[in-house]
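Thank you all for coming.

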Amino acid sequence: MDFPMFHLDWLNDRFLIAVIAILHVFINHGLAVGFIPYITWLEQKGVSMASANQITNLEWDNLVYKKMKVAFIITTTIGAMTGVGIWFSVALVSPASIGSLIRVFYWAWFIEWLVFVTEVVLILIYFLTWKNSNTSLKAKLRHINFGWYLSIFSWITMAIIVAILGFMMDPGNWNNEQTLLNGFTNPIYLPQLLFRTPTAMLVAGVFGMLLTTIFAKRGTEMRAKAIKFAGQWILAWIPLVIIGAIYYWNVMPSAMKENMATAIGSQDFAEYYNLLKYFIIGAASLSVVLAGFALLKPKKINFAYVIVPCLFVFGFLGIFERVREFIRKPYVIGNYMYSNLLREEDYPLYKRDGILKYATYTSVTEITEENKVQAGKDVFMNLCSRCHTVNPQGVNSIVYVFERMYGIGQPLDEGSMKAYIPNMHNGRTYMPPYAGNEQELDALVAYIKQIQQTGESLEGVQTAGVEVNPLNNAVEVSKRNEAKKIENDTKIAKN
Amino acid sequence: MLLQINTPVPKDLPLDLPLPEWLLVSLLVISFLLHIIFINLMVGGSIITLWAQIKGLKNKEYDVFAHEIAKTITVNKSIAVVMGVAPLLSINTLYTIYFYSANALTGFAWIMIIPLVTIAFLLTYLHKYTWSTFEHNRKLHIGIMGLAVAIFLFIPLIFLTNVNLMMFPEKWGTVKGFLSALMLPNVFPRYFEFLGACLAITGIFIVWYNGRKSYPIEEIYTNFTRNTIKKIGYSIATVGLSLQIIFGVIVLFTLPSKGISYAVIAVMTGAGLLLAYALWYSYKTVVSEGKFIDLHFKKITIAVLCFLFFYGGSRQMYRHNSLEKHQELVAAHTAEFQKLSKEAREQSLVLQQQEAATPKTDADLGKGVFNQYCAACHKKDVKLVGPPVTEMASIYQSNKADLQKWIKAPGKKRADAPQMPGFPQLSQTELEQLSEYILNIN
């Protein structure tokens, strides 16, 4: 309503956030939170493996260093930039929600930032002083300690961000008490943390094994040993992964229920939810098989064996994120702001007067027969474009979702759509209720009908620019403001 | 007047700032300066590395020098990114409407920052770790750095375009994408001033970095001495400071007048004088004899650090001035809307209460349930998404229980209709009313 609408009409706006965020979670969990303790543990093994006159087993140490180098390069490039990228993309796609969250959670994010700065400084020290620390046992042990500190800090960054994430999903609390404490005490915080911690370790172990198959020479004792250790690491964490995943899986529907004020679940959620069950079973058993194989026949393990489980555990993490995102709907901030970025409290006003009157950017304010389709386009941009595309080939395109109901390729009926839209949130509980008035609904369905006929697409403001609502430009707002002041002054004068 | 018709007045988020404004502003300015110093070192370091490595094709010592600087880029860039988060948070909080609007209007370029910077970072690692690999293919190796520098030179344009555009809501209605926003006056002068700062700060950094006692110059270089390298540093700083002064003056003259005040001019002049002071001593060091190489280092460094505060301060003052009037309008508009929204909320509550108070028959109630939950997909006598109500009535004529069971947890019978969602949220009373309505549709 108040922000120019960035819009990707093919990829879908949410998809942009999803790609960046999932990549970030993979790197953060798999290559930082889980990987650093794994590497530190292996570095320590090198010291205990050393012969009497050595500080550490240099050949081993070098292998571990190489693995760390990969993690270091990836985390400080793709990892760091996707972290910033989440901010950037959310600011583009969902400015009202992230803007609201940041007003409330400024301190949480500020603390998160301080922890994050520490984490980055520690990772720089840990990696860049690695080779120099091999000169004395004291230096090496100190270096290993740095590894453990770094492990703790990367875990803390995750623990804080999970609270912030948790808060956003916590239904109701936004309206009562806007404190971060609710993030830590909300029902899915602990399950999430208990799931994410061992899963990060698992992903790190599998990824570490994959790197071993790349860096260690085939047939060597050292390679077999490294693979065995990875197997042990995976087996040690698997029980906790399973417990965490099942715990999290069990609390999901109740979180869902509370968010969707009226329904227990929707089909789409149920589909994801069932899929998740198979992913838990699949990822766990595949990892156990891989780890068992690694312990029994470490020499047989090569890249080809590890890559599939590796992709699978990353997928495991990814699908959990997808379901978590789904729980949030139809809200973006529980019971406060819908995923179309409108606040629930403003709905009565929009329903009474329509949304275009209050939109900052729209070319139409009075709907006539002539400008109806254009008005529909403005309504679409303000109400639907965060999740739906116009381009018929686009992800979750509006024509496709209607055709899926009314028949693929069938001409859409304006009357049916008009009957459906105001009620859709009752059946499809992940949809926010329609916010506009009756004329805007007419305009919206006329626009959707035209999209189906012409196959047109919708340009976002990043290319098309904005048209300023003539009711809400600087001149009009000043006039109204002045009139109000004069009115107030006369009131005071009369009294 | 024409401009004002095109000036949008959005409503602000109806949430208070988390901190007093002055504190947020201080956090913004200070954290931004920390961020920009490391950005300067990253961009300046990359330019110098590229320059030195090209010179290194003829003089091997410069290649070694380039390698030494290259090692600092990857560290400085990590700190630059992490330091950028705090000013980003603060500007988002303080100037939510302005910053996000500018981001969206230049959206494509804005999001491209992420992949582009990632690629540039990966290139700097590739460059650093392949120094000996490409020993005999120096041109390719230099090409890697050249690409990274090209990206590093482009990214600041996107940032500058955004922080510039956010100050001019009157331009939002006319801007069409990044390129048109880039062309607003004042972006390019600020950009070249920034590049000057990158060189100046990196030059000073090189002097300091190579002056550290623990840094084994003699082991690293064969011909270069500490003094040679320090002199290179001072020369770079001299070039950078000169650029800053020239473009700083141009910035002053191209700044749109709406945010300018005597105070802004005073602070900018102070900043200019500090730069001139640093430039004078930097130049004096370059032309002086070797033994005086460290004589003015402190003066130059302190002058440049003070300059940064003046620079950060004047930016914030200008931004504050240029947005002040608009922010008042935004506040008025927000208050107006809040009042209307509250009235509408109360009105709808009254309507709901009236509605609840009117007595209703069972059939009416059933129709109400139907309209709320079913009407989206079912019509009385034609197929919509699902079958018509008349058909349901004939199927379940004497079987109310099964109808209710289906509504709560439907199966799938028809190939030509999508799966119906279940409605377990309906109470038994609602189900009774609904089935009454369906079965007696005729």
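Let me begin inside chain A, where the axes of helix H3 (residues 58-93) and helix H8 (residues 189-215) of chain A come within 10 Å and cross at roughly 120 degrees. The model is a predicted one, in which local features need pLDDT of at least 70 and side-chain atom pairs count only at pLDDT 80 or more, while totals for chains, interfaces and linings use all residues. Residues are numbered from 1 along each chain as its sequence is written, and chains are lettered from A and ligands numbered from 1 in the order in which they are written.

A word on terms: helices are DSSP runs of H or I with at least four residues, strands are runs of E with at least two, and both are numbered from the N terminus. Axes are lines fitted to C-alpha atoms, for helices over the stretch in contact, and angles run from 0 to 180 degrees between N-to-C directions.

The crossing of H3(A) and H8(A) is right-handed, a crossing being right-handed if the near helix is turned clockwise from the far one by less than a right angle, and left-handed if anticlockwise. On the H3(A) side we find Leu63(A), Lys66(A), Lys67(A) and Val70(A), which meet Gly208(A), Leu211(A) and Phe215(A) of H8(A), where contact asks that C-beta atoms, placed from the backbone, lie within 7 Å. By class, this contact has four nonpolar, one polar and two charged residues; Ala, Val, Leu, Ile, Met, Phe, Trp, Tyr, Cys and Pro count as nonpolar, Asp, Glu, Lys and Arg as charged, and the others, Gly among them, as polar.

H3(A) also packs against chain B, for its axis lies 9 Å from that of H5(B), at an angle of about 175 degrees. The two helices are therefore roughly antiparallel, a label for angles over 145 degrees, with under 35 being roughly parallel, 65 to 115 roughly perpendicular and the rest oblique. Which residues of H3(A) and H5(B) make the contact? Among them are Ile73(A), Met81(A) and Phe88(A) of H3(A), and Trp110(B), Val117(B) and Phe121(B) of H5(B). The residues here divide into 14 nonpolar, five polar and no charged.

Stepping back to the whole contact between the chains, 71 residues come from chain B and 75 from chain A. Elements giving two or more residues to the chain B side include helix H3 (60-94), helix H5 (107-129) and helix H13 (297-357) of chain B. That side has 46 nonpolar, 21 polar and four charged residues.

Now the domains, whose bounds come from an automatic or database domain assignment. Chain A is divided into domain 1 (13-338) and domain 2 (345-494), with C-alpha centres 40 Å apart. Chain B has domain 1 (16-184), domain 2 (216-335) and domain 3 (362-439), and the C-alpha centres of domains 2 and 3 of chain B lie 74 Å apart.

Finally, an unreviewed UniProt entry lists residues 371-452 of chain A as "domain: Cytochrome c"; such positions are given in the numbering used here, feature names are shortened, and annotations may be inferred rather than shown by experiment. In the model, residues 371-452 of chain A are 57% helix and 0% strand, with their end C-alpha atoms 18 Å apart.

How values were computed. Two residues are in contact if their C-beta atoms, placed from the backbone, lie within 7 Å.
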